[in-house]
Amino acid sequence: AHLVRALDDDDPAVRRAACFALRPLGADAAAAAPRLVALMHDPSADAAFGALRALGPAAVPALAAAMDPEPPAKPDRHAPNVLRQMGRPAFDVLDAMLKDDDAKLRRRAALVLGSLSPQTQGSVGALAEALADESKEVASMAAWALGEMGRAAAAAVPALKEAGKDPALRDAVWDALRRIEG
């Protein structure tokens, strides 16, 4: 708790030291993830990046939220790089988020997976399942994400064609199919 509070200290040296102190705690420091994301634009940014990487998958929801903020905030330009550096463990968390009870989180997961393509090609199956989501926003975002993967999402073509039967998804699906099939 003291380390998380130290992330808000007025002194950049204290914030930096707190970032370094959080690193060995790994996932046990998950409560600090949102504040560490905010520090990616601070003079102690390099330390914040290191701490976020040390948190690993526990930091993924906060990083995903930074990529899909509430308006008028703009998406964080650093969050995708941290997620890419985490690799498959981060993508596995995003795959799991596609099944969350909250449609907003499911849509966010699809957005982030598509934004991180081509590294997220291992998520094609999870995104194909999301095409059948009860939320049309989630299903549409899953189609977009698959389209971002291009030919690597070829295994999702049957699921996309099935989803394309829904008039609410037709445009998103056909755009994805065009990008996948060339």
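**Salt bridges and buried contacts in the predicted model**

Lys-161 counts as partly exposed, at 42% relative accessibility. The model described here is predicted. Glu-181 is also partly exposed, with a relative accessible area of 43%. Glu-181 and Lys-161 form a salt bridge in which the closest N and O atoms are 3.9 Å apart. Glu-181 belongs to helix α12 (residues 170-181) and Lys-161 to helix α11 (residues 157-163), so the pair ties together parts that are 20 residues apart in sequence.

Side chains of opposite charge can pair when their charged atoms come close. In one of these bridges, the side chains of Asp-68 and Arg-107 meet at 2.5 Å, N to O. Asp-68 sits in the loop between α5 (60-67) and α6 (79-86), while Arg-107 is in helix α8 (residues 103-115), so parts that are 39 residues apart in sequence are tied together by the pair. Asp-68 is buried, with a relative accessible area of 11%. Arg-107 likewise counts as buried, at 18% relative accessibility, because the cut-off for a buried residue is under 20%. Asp-68 and Arg-107 are linked with Arg-108 and Glu-137 in a network of salt bridges.

A further salt bridge joins the side chains of Asp-92 and Arg-88, at 2.9 Å from N to O. Asp-92 and Arg-88 are four residues apart in helix α7 (residues 88-97), so about one helical turn separates them. Asp-92 is partly exposed, with a relative accessible area of 41%, and Arg-88 counts as partly exposed at 30% relative accessibility.

Asp-133 is located in the loop between α9 (124-130) and α10 (136-149). Its relative accessible area is 13%, and Asp-133 is therefore buried. A polar atom of the Asp-133 side chain lies 2.7 Å from the backbone nitrogen of Ser-135. Leaving aside residues up to four places away in sequence, Asp-133 touches Leu-98, Arg-106, Val-138 and Ala-139.

In soluble globular proteins, nonpolar side chains tend to be buried together. The largest nonpolar core of the model has 64 residues. Leu-36, Leu-63, Leu-94 and Leu-160 are the residues with the most contacts inside this core. With residues up to four places away in sequence not counted, Leu-36 touches Leu-7, Cys-19, Leu-22, Ala-48, Ala-51, Leu-52 and Leu-55.

Note on methods. Residues numbered from 1 in each chain as written. Predicted model: local features only at pLDDT ≥ 70, side-chain atom pairs only at ≥ 80, totals over all residues. Heavy atoms only, no water. Helix = DSSP H or I, 4+ residues; strand = E, 2+ residues; numbered from the N terminus. Buried < 20%, exposed > 50% of the residue type's maximum accessible area, 1.4 Å probe, protein only. Polar contact = N/O pair within 3.5 Å; in protein donor to acceptor, adjacent residues only side chain to side chain. Contact = heavy atoms within 4.5 Å. Core = buried A, V, L, I, M, F, W, Y, C linked by side-chain atoms within 4.5 Å. Salt bridge = Lys/Arg side-chain N within 4 Å of Asp/Glu carboxyl O.
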